[in-house]
Amino acid sequence: MGIFQRFARIPLKSTYIWSLCRQYSTDLTAVDRALIQHRNPGAAPPRLPFSRVTQEDLAFFRTLLPGRTITDPDLLKSSNVDWLKTVEGNSEVLLRPKTTEEVSQILRYCNERNLAVCPQGGNTGLVGGSVPVFDEIILSTSLMKQVITFDNISGILTCQAGCVLENLSNYLEERDFIMPLDLGAKGSCHIGGNVSTNAGGLRLLRYGSLRGTVLGLEVVLADGRILNCLATLRKDNTGYDLKQLFIGSEGTLGVITAVSILCPRKPKAVNVAFLGCSSFQQLLETFQCCRGMLGEILSAFEFLDASCMSLLEKHLKLTNPITESPFYIVIETAGSNATHDEEKLHKFLEEVMTSSLVTDGTVATEATKIKALWSLRERVTEALTHEGYTYKYDISLPVEKIYDLVQDMRGHLGDMAKNVVGYGHVGDGNLHLNITSPSKDPALLAAIEPYVYEWTSKWKGSISAEHGLGLKKRNYIYYSKPSEAVALMGSIKAMLDPKGILNPYKTLPDNIH
Amino acid sequence: CFAPFLCLRPPQIRVKPDRTGVVTDGVKHSMNPFCEIAVEEAVKLKEKKLVKEVVAVSCGPQQVQETIRTALAMGADRGIHVEVSGKDYETLGPLQVSKIFAALAKKEQADLIILGKQAIDDDCNQTGQMTAALLDWPQGTFASEVTLEADKLKVVREIDGGLETIKIKLPAVVTADLRLNTPRYATLPNIMKAKKKKIVNVKPADLGVDVSSRLEVLKVDEPPQRQSGVKVETVHDLVEKLKEAGRI
């Protein structure tokens with residue numbers, strides 16, 4: 001019943017270019033199934049039959065959270081729109097609990113009333129996963145910002161889910177530690193959101209992913225049950241590791257209310273080198289050389305292309321510190337001994353300069369200069385927002401293929417796109433492909449998708465390396481996961497959230513129901 | 001052309017337990033931002049072929065050599081490291097530094113001394129002026145623009161009322177202000193070249209300068225801790241609290 005009803009309600013306009021799919025040898029049955037139902041797989045599906053918020057509901061919330069039940073449309077506006085300003089919902093209620101107990105009561109109530117809930121942290125997500133699609137109640141972690149404990153021997157930090165990443169970094173730095181992750185959105189994103197999306201970031205190369213550094217979670221389930229797995233132990237092999245289910249689940253299996261995370265010591269010496277390469281092949285060889293000569297002190301290896309640099313110069317008035325090159329690399333080292341690290345770094349730089357792998361570069365050892373060099377990589381996203389509408393793709397590929405995708409897209413799109421740029425965590429095999437046009441252009445979108453996903457699937461890559469699926473990419477899951485896996489995900493969702501009230505329309509494809 | 005500059009300590013400041021100064025152990029030294037601008041200006045003059053040679057000078061302990069190397073990587077031709085360490089370095093102030101610069105300027109027969117207007121660790125804003133006085137040279141301080149016109153220097157100075165333009169004869173002392181230029185990044189090929197440039201070691205005694213201080217620091221204190229604010233519910237309460245605090 002469900003599938004066909006929805007199918008009938010979607011107006012079938014012009015032909016969908018899924019003949020492109022046929023060109024590539026991927027498992028297409030599941031793909032066909034997902035795509036065939038939707039003219040635009042990234043757009044919102046029809047509203048599911050959840051209850052609507054009544055005056056009685058508001059009275060309950062106002063009693064539970066006095067002064068923290070927001071219904072003013074002006075105040076709700078910013079929580080209804082995502083950071084990229086590409087997705088907007090119509091929620092009429094924003095709730096700001098302070099404690100896990102309050103979150104539990106909210107969910108228990110919403111589950112009984114069949115009210116949909118959209119958990120929201122810093123609202124910096126890039127796939128439309130953090131804002132409501134329709135009138136889901138927004139459950140914000142913004143007032144859950146307490147640090148609970150910090151042990152400076154083990155380096156284990158326990159805090160509420162609404163702590164802003166940058167604030168945690170500042171707290172830890174005073175105590176000679178750092179967070180194991182760092183991303184451009186650090187000034188706004190919440191640690192709960194980071195964990196829900198299994199955020200990657202600039203330090204993954206050195207400290208690994210949240211799946212390794214998160215030691216415990218406190219989660220409130222859809223029916224209000226509080227799951228306290230907030231262990232602060234480095235090693236604990238007692239039963240199934242439930243927290244791994246919630247990490248990266250994008251708020252669809254439970255609401256994370258507290259996190260315990262293992263933090264590394266603050267490095268005594270940090271150096272940043274900004275290098276220019278004349279080809280991607282040389283960039284890769286520089287990476288190999290870097291791994292060999294800098295090894296254990298390497299903490300980041302990022303790249304950006306010449307198009308990114310010109311956007312930074314044009315819109316943000318940043319200066320290119322070296323001569324113009326087709327590719328730029330940002331290398332960061334972090335270690336416990338400044339002289340030791342500088343010696344290693346200088347030997348490496350001498351090697352790549354004399355062997356001409358690198359055509360030019362500069363080094364920074366001092367805080368303000370380091371910040372200036374990092375901003376050349378961190379602010380590319382910001383520079384792109386000034387170019388109009390950005391189509392963002394966060395792809396994992398075998399490292400040698402990363403730039404082939406950018407060049408291929410340029411050829412494929414021709415004049416239709418204003419900019420096609422590539423940058424990202426090349427050390428992790430993660431490309432951020434961005435395409436801009438002056439305004440939203442359905443013809444351009446049709447040319448990009450599913451071409452870019454087919455291309456990725458062909459090379460066994462991931463269609464979403466670190467951004468998650470959210471609303472925009474939920475139906476493309478089959479490009480990177482087999483249908484049996486997706487079906488099992490559906491079973492787990494049905495078991496933990498039978499009414500489907502937690503962040504509906506996100507992460508799992510529409511045909512899962 | 002002389003580009004003497006100062007090394008300074010970075011932002012995270014902690015007062016020593018004996019309150020005689022701030023903690024400098026294990027803390028990274030880097031070039032004073034205004035002095036960096038001075039070095040850039042000197043290099044620019046050389047690139048315009050208006051000066052023959054740029055010598056970078058700094059006074060301090062061993063670590064200072066690294067910052068001299070940065071100046072060399074930016075384009076200075078050679079460096080002079082005036083070795084001052086330990087207790088002497090802790091009490092080294094503008095007067096002693098000016099004496100050192102004046103002695104060096106005479107020895108090297110410099111025509112122009114460019115330095116930062118002030119060091120961001122002590123904010124004294126005295127070295128440039130004292131150096132000029134000791135040498136009896138004219139000075140163009142807080143320079144936001146420097147132009148060579150025949151044998152004179154036209155200097156646009158940033159002053160409280162706006163901008164003042166003066167013409168001074170060479171040899172002269174110029175101190176750099178923020179808007180004089182934007183220092184270049186030292187690029188790798190230049191960093192490599194700089195390794196081969198010479199840095200000469202000199203002691204203050206060799207220049208006939210006594211670095212003992214005539215000043216005694218009595219105490220150093222942290223600024224008073226900021227009190228947390230108080231939230232009130234109504235305007236009436238606000239007025240009451242302000243009255244209580246004697247503010248209205």
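Visitor: In which helix of chain B is B:Leu238 found?

Guide: This is a predicted model. B:Leu238 is found in helix 7 of chain B.

Visitor: Why is B:Leu238 called partly exposed?

Guide: The relative accessible area of B:Leu238 is 41%. Buried means under 20% and exposed means over 50%, so B:Leu238, at 41%, counts as partly exposed.

Visitor: What makes the nonpolar surface patch with B:Leu238?

Guide: The patch covers about 600 Å² and is made by B:Val230, B:Val232, B:Val235, B:Leu238, B:Val239, B:Leu242 and B:Ile248.

Visitor: Which residues form the negative surface patch?

Guide: B:Glu233, B:Asp237, B:Glu240 and B:Glu244 form it. B:Glu233 lies in the loop between strand 11 (199–202) and helix 7 (235–244) of chain B.

Visitor: Why does B:Glu233 count as exposed?

Guide: Exposed means over 50%. B:Glu233 has 76% relative accessibility, so B:Glu233 counts as exposed.

Visitor: What makes B:Arg19 and B:Asp221 a salt bridge?

Guide: The closest N and O atoms of B:Arg19 and B:Asp221 are 2.7 Å apart. The cut-off is within 4 Å, so the pair is a salt bridge.

Visitor: Which parts of chain B does this pair tie together?

Guide: B:Arg19 lies in the loop between strand 2 (7–8) and strand 3 (30–31), and B:Asp221 in the loop between strand 11 and helix 7, so the pair ties together parts that are 202 residues apart in sequence.

Visitor: How do you know that B:Glu40 and B:Lys44 form a salt bridge?

Guide: Their closest N and O atoms are 3.5 Å apart, and the limit is within 4 Å. Both residues lie in helix 1 (residues 33–47) of chain B, 4 residues apart, about one turn of the helix.

Visitor: Is B:Glu40 buried or exposed?

Guide: Buried means under 20%. B:Glu40 has 3% relative accessibility, so B:Glu40 counts as buried. B:Lys44, at 28%, counts as partly exposed.

Visitor: What is the N to O distance in the salt bridge of B:Glu149 and B:Lys167?

Guide: The distance is 3.4 Å, N to O. B:Glu149 lies in strand 7 (residues 139–149) and B:Lys167 in strand 9 (residues 162–169) of chain B, so the pair ties together parts that are 18 residues apart in sequence.

Visitor: Why is B:Lys167 called exposed?

Guide: B:Lys167 has a relative accessible area of 53% and exposed means over 50%, so B:Lys167 is exposed. B:Glu149, at 31%, is partly exposed.

Notes
Residues numbered from 1 in each chain as written. Chains lettered and ligands numbered in written order. Predicted model: local features only at pLDDT ≥ 70, side-chain atom pairs only at ≥ 80, totals over all residues. Heavy atoms only, no water. Patch = residues over 30% accessible without salt bridge, like charges linked within 9 Å, V, L, I, M, F, W, Y side chains within 5 Å. Areas by Shrake-Rupley, 256 points an atom, 1.4 Å probe, with all protein chains shown as cover. Salt bridge = Lys/Arg side-chain N within 4 Å of Asp/Glu carboxyl O. Lys, Arg positive; Asp, Glu negative; His and termini not counted. Charge placed at Lys NZ, Arg CZ, Asp CG, Glu CD. Helix = DSSP H or I, 4+ residues; strand = E, 2+ residues; numbered from the N terminus. Buried < 20%, exposed > 50% of the residue type's maximum accessible area, 1.4 Å probe, protein only.
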